Amino acid sequence: MNEQMINKVTDNLLALMPLYHKHIFRINQRTSGLESAQHRVLGVLMKSGPHSMSEIGRMLYISKPYMTVLIDSLIEKGWIERGSDPDDRRVIIITI
């Protein structure tokens, strides 16, 4: 597969994620809001690449304190990494 095809497939899968999550959440009532937000954060990173924590929070309408909880939980699971911006040490960059 070339890169253009991979991007198209990724875009299509990301477009279907809300329907998938809605269906899965109906089946599995034990799924928490934290898990839903984790999937949304991962979706942004998969589609758009690395972003700062504040950018992701703005895109998903998530508060800064809750973003910290989300990012910490995703790091603990080994799904993402936290790094610093070489141009501004105050900015935290999140990558898969």
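I count a residue as buried when its relative accessible area is under 20%, and as exposed when that area is over 50%. The model I am looking at is predicted.

**Whole chain**

I looked up burial first. Of the 96 residues in the protein chain, 26% are buried. I then took the accessible surface of the protein chain, which comes to about 7,100 Å². Carbon and sulfur atoms hold 57% of that surface.

For secondary structure I noted 4 helices and 3 strands. Read from the N terminus, their order is α-α-β-α-α-β-β.

Residues 24 or more positions apart account for 47% of them.

**Helix α4**

I turned to α4, which covers residues 64-76. How far apart should its ends be? At 1.5 Å a residue, its 13 residues should span 18 Å.

Next I asked which residues of α4 are buried. I found Met-67, Leu-70, Ile-71, Ser-73 and Leu-74. These cover an arc of only 160° around the axis, and therefore they lie on the same side of α4. Pro-65 and Glu-76, on the other side of α4, are exposed.

Terms used. Residues are numbered from 1 along each chain as its sequence is written. This is a predicted model: local features need pLDDT of at least 70, side-chain atom pairs count only at pLDDT 80 or more; totals for chains, interfaces and linings use all residues. Side-chain values use heavy atoms; hydrogens and water are left out. Helices (H or I, at least four residues) and strands (E, at least two) are DSSP runs, numbered from the N terminus. Buried means under 20% relative accessible area, exposed over 50%, partly exposed in between (1.4 Å probe, protein chains only). Contact means heavy atoms within 4.5 Å. Accessible areas come from the Shrake-Rupley method with a 1.4 Å probe; for residues, only the protein chains shown count as cover. The expected span of a helix is 1.5 Å times one less than its number of residues. The arc is that of the directions from the helix axis to the C-beta atoms.
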